[in-house]
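Dear colleague,

I am writing to hand over the structure that follows.

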Amino acid sequence: MVEMAMGQPDADDLHPELVCGGHQAVNLAAEGENVWQFNCASCHGLAGEGGIGPALNSQQFLQAATDEQARTLIAVGIPGSQMSAYSLDHGGPLTSEQIRSVVAFLRSWEPEAPDRPDWRAMIDG
């Protein structure tokens, strides 16, 4: 309640995929892992550790980005970078549900996410 009074979002606002029920969230994250392996791992690493793209398994990224922000980045990409749009609506290969699943998979890293202040640094890029 104090957080709401102070205008800070509670955990449900930051991670709505995880509120829909534990079993459902686990299934969504498992689907997201498959989507990740085929579409994201080549740039961000199999475990999100980074490479051509930034490390998305870091505490810094996971705590700063809301689910909506992560979905938007995946859907529309980042102009002027190698991160292209992945949403079908923007010429990419993924449905909205697949993008939601990738975000659920990213959230599955959160409990053990490493402290990576350099998460934006790209190993090969």
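In what follows, a residue is buried when its relative accessible area is under 20%, exposed when that area is over 50%, and partly exposed in between, using a 1.4 Å probe and protein chains only. By that scale Glu68 is partly exposed, with a relative accessible area of 47%. The model is predicted, so local features were required to have pLDDT of at least 70 and side-chain atom pairs pLDDT 80 or more, while totals for chains, interfaces and linings use all residues. Residues are numbered from 1 along each chain as its sequence is written, and side-chain values use heavy atoms, with hydrogens and water left out.

Salt bridges

A salt bridge here is a side-chain nitrogen of Lys or Arg within 4 Å of a carboxyl oxygen of Asp or Glu. Five of them were found in a search of the whole structure. One of these joins the side chains of Asp67 and Arg107, at 2.6 Å from N to O. Asp67 belongs to helix H6 (residues 67-76) and Arg107 to helix H7, so this contact ties together parts that are 40 residues apart in sequence. Helices are DSSP runs of H or I with at least four residues, numbered from the N terminus. Both partners are buried: Asp67 has a relative accessible area of 1%, and Arg107 has one of 5%.

Glu68 also takes part in a salt bridge, with Arg71, where the closest N and O atoms are 2.7 Å apart. These two residues both lie in helix H6, three residues apart, which is about one turn of the helix. Arg71 counts as buried, at 17% relative accessibility. Salt bridges that share partners also join Asp67, Arg107 and Glu110 into one network. A further salt bridge is formed by Asp118 and Arg116, with 3.0 Å between the closest N and O atoms. Asp118 is partly exposed, its relative accessible area being 41%.

Aromatic pairs

Rings of Phe, Tyr and Trp (its six-membered ring) are taken as a pair if their centres lie within 6.5 Å; planes under 30 degrees apart count as stacked, over 60 as edge-to-face and the rest as tilted. The search of the whole structure gives four such pairs. In one of them, the ring centres of Trp36 and Trp109 are 5.2 Å apart and the planes stand at 90°, so the pair is edge-to-face. The pair links distant parts of the chain, since Trp36 is in helix H3 (residues 22-39) and Trp109 in the segment after helix H7 (96-108), 73 residues apart. Phe105 and Trp109 are also edge-to-face, at 4.9 Å centre to centre and 65° between the planes. Together, Trp36, Phe105 and Trp109 form one aromatic cluster. Trp36 and Trp109 are both buried, and Phe105 counts as buried at 8% relative accessibility.

Cysteines

How many disulfides does the structure hold? It holds zero, a disulfide being a pair of cysteine sulfur atoms within 2.5 Å. Cys40 is in no disulfide, and the nearest cysteine sulfur, that of Cys43, is 8.7 Å away. Cys40 is buried, with a relative accessible area of 11%, whereas Cys43 counts as partly exposed at 27% relative accessibility.

Ala121 is placed in the segment after H7 and is partly exposed, with a relative accessible area of 42%. The C-alpha atoms of Ala121 and Gly51 are separated by 8.6 Å, although the two residues are 70 residues apart along the chain.

With kind regards
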